[in-house]
Amino acid sequence: MKYEMMDAKKIIGETTAEEADLNPNICVVSTDSAPRTGMGKFIEKYPNRYYEVGIMEQAAIGVSAGLAVTGKVPVFCAPAPFVTARPFEMFKIDVGYMHQNVKVIGRNCGFNYSDLGPTHYGLEDIALVRLIPDVVILAPIDASQLRGAMKAMLRYEGPVYLRIGTAPIPKIFNDDEFEIGKGIVVREGKDVAIITTGEISVNVFEAADKLAAAGIDAMVIAMPTIAPIDEEIIVKAAELTGKIVTVEEHFEVGGLGSAVSEVCAKSFQVPVKRIGVPQTYLSSGPYEDLVDYCKLSVEGITETVLEFVAK
Amino acid sequence: MNDIKKLALEIRIEALKMMNHYGFGHVGGVLSVADAIAVLYGKQMKYDPKNPKWDGRDYLVLSKGHCGPALYSALAIKGFFPREELLTMNKLGTRLPSHVDKNKTPGIDMTAGSLGQGVSCALGIALGLKLQKKDNMVYAIIGDGEAQEGQVWETLMIAPNKGVKNFIVMLDNNKQQLDDFTDNISPLRDMRQKAEDFGWFAVTVDGHDVEAINNAIELCKASGKPGFINLNTIKGKGWPAKEAISNNHAFRGPAFAGVDEVINNLQKELEALN
């Protein structure tokens, strides 16, 4: 691997502690998993701003909403399904509808917990949170963006959901600048636009090189904010290339691919090919095997794009 | 205590008027919780109707959010908004939705409606105030049907271990839920004992005796623990023909037949106290 690999949990913990130095209102709510989320440093520095409630994600969201009523900025981090699917209604009402300044982090998203199987996969979290109006959804592309997204999230006034895999993630970008709501053109191209989110994006960047070698000039857009989606960059890409591929470690339904398709359907209709996880319950197993199966590997993405462009 | 009794009667009168005017409302629970709300707004809670966000205020989270009309009546009587506004409940664009909403109504600090959620939110407020070293009180009112929700038990487990002393949960234990008597569905049994076992200072009182409710709150405040008050109440209290009978949860249209006489009688009781 040509990129330096970094510990996502360490970045989450460090940025939370750094921002907590600047903002005394930042606090951490945990459901029996804060140290495993990298919050050890925060807990050590600010034990009175740390709330370990036990294994009760519903109450954790409610307690977070209550803390926000008193001006606190609670950060609640746990595996993605347990902060989205399980307490969905609390997320909807206590965080979304009330527009509380609560920050929810879904870690180990996608197939990160491949050894644990479908109960622990985070494959529908974007779809669920997208249904809740006015919640910002962030899915940083690399370690630098994770650092930037954490800071941007903690400084933003309003509800935010950040999803990240917590296996080692690559450091691709040099600086950690992060603007909520903006996509980034990582590579110019005219034959097809590949729009990608989350740390699976590293495979897209490599696939673009392979596509170039095969004579396909692919535009690559990194989309670290899924809600609100950057409509302008999607429409421009559609106008320029006429064909869009989306890539995400999430169900094909309801995530980035759906968000991009909705923009195209509304504003500039072009064919959209979604590469993601099929709507089924996949086995537990080695991470790389699952990624291969879903054609999210460099080879899978390259082949799928070549087939799509040839149509 | 005479003033609190009067306030409780006024809350019942205004709430019945507003629900009847709209043609729908959760009459049973609104009437059972009226006395507890009267003690809070007539005696215990600190608030400023002209400045609902005053940072010295106490907080009430009506976790049984469908009983909004009881709380709206108290807020209107105390001057948070004009009494005439009560009749706008549930009209399009109203500030008074049937279920309480923090972003719509002056004096409401937490949205509720989906049962079990408000009490967790209330604990969050208490923790936030504690972190700021403030002693504002936080009250949450839950229903007995609501106590079947697992999230209520999550909160019962968390609070005593977090050292919150400014937090009192009141259970409007009217022993009935939508379909039937709670005991016929999933009985709660001794809620006071359960709360005590989790580490709360817990008492059971007559939920229609305003003096007893007030004393219970004082005992909770002095206990150094989060307080749990099991209010022994009657669903539909104040509308004799509807008290503790089946199907007295929510009324629509014709079910309000006879409400004028009930309001008149409550009015007479009020005048007798004057």
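User: What covers the buried residues of α5(A)?

Analyst: The cover includes α3 (57-69), β5 (103-107) and α6 (125-130) of chain A, together with α4 (117-131) of chain B. Covering rests on contact, that is, C-beta atoms placed from the backbone and lying within 7 Å of each other. The model is predicted, so local features need pLDDT of at least 70 and side-chain atom pairs 80 or more, whereas totals for chains, interfaces and linings use all residues. Residues are numbered from 1 along each chain as its sequence is written, with chains lettered from A and ligands numbered from 1 in written order.

User: Why is helix α5 of chain A called largely enclosed?

Analyst: Of the 10 residues in this helix (88-97), 7 are buried, so the rest of the structure largely encloses it. A residue counts as buried with 20 or more other C-beta atoms within 10 Å of its own, as exposed with 12 or fewer, and as partly exposed in between. The residues that qualify in α5(A) are Met90(A), Phe91(A), Ile93(A), Asp94(A), Val95(A), Gly96(A) and Tyr97(A). His99(A), which follows the helix, has a positive phi near 50 degrees.

User: What makes α3(A) and α5(A) roughly parallel?

Analyst: Their axes cross at roughly 5 degrees and come within 9 Å. Axes are lines fitted to C-alpha atoms, for helices over the stretch in contact, and angles between N-to-C directions run from 0 to 180 degrees. Angles under 35 degrees count as roughly parallel, over 145 as roughly antiparallel, 65 to 115 as roughly perpendicular and the rest as oblique. α3(A) is therefore roughly parallel to α5(A). On α3(A), Gln58(A), Ile61(A), Gly62(A) and Ala65(A) meet Met90(A), Phe91(A), Asp94(A) and Val95(A) of α5(A).

User: Which classes of residue form that contact of α3(A) with α5(A)?

Analyst: The contact has 5 nonpolar, 2 polar and 1 charged residues. Nonpolar covers Ala, Val, Leu, Ile, Met, Phe, Trp, Tyr, Cys and Pro; charged covers Asp, Glu, Lys and Arg; the others, Gly among them, are polar.

User: Why is strand β2 of chain A also described as largely enclosed?

Analyst: In β2(A) (residues 26-30), 5 of the 5 residues are buried, so the strand is largely enclosed by the rest of the structure. Ile26(A), Val28(A) and Ser30(A) are buried on one side, and Cys27(A) and Val29(A) on the other.

User: Which strand is joined to β2(A) by 4 bridges, and how do you know that the two pair?

Analyst: The partner is β4 (73-79) of chain A, which runs parallel to β2(A) with 4 bridges between them; pairing requires at least two DSSP bridges. Val29(A) stands opposite Phe76(A) of β4(A). β2(A) also pairs in the parallel sense with β3 (50-52) of chain A over 3 bridges, where Ser30(A) has Glu52(A) as its bridge partner.

User: What makes β9 and β14 of chain A edge strands?

Analyst: The open sheet of 5 strands has the order β9-β11-β10-β13-β14 in chain A, with mixed pairing. β9 (184-187) and β14 (272-277) each pair on one side only, and they are the edges. Neighbouring strands are turned against each other by 25 degrees on average, direction ignored. β13 (244-251) of chain A pairs with β14(A) in the parallel sense over 5 bridges, with Phe251(A) opposite Val277(A). Helix α8 (201-213) of chain A packs on the sheet, touching β9, β10, β11 and β13 of chain A, and makes about 170 degrees with the direction of β11(A). Helix α12 (298-310) of chain A lies across β10, β11, β13 and β14 of chain A, at about 160 degrees to β14(A).

User: How many residues meet between domain 1 and domain 2 of chain A?

Analyst: In this contact, 26 residues of domain 1 meet 28 of domain 2. The assignment, automatic or from a database, gives domain 1 as 4-171 and domain 2 as 184-310. Their C-alpha centres lie 25 Å apart.

User: Which element of chain B gives the most to the side that touches chain A?

Analyst: α4(B) does, with 11 residues. The contact takes 23 residues from chain B and 24 from chain A.

Terms used: Contact = placed C-beta atoms within 7 Å.
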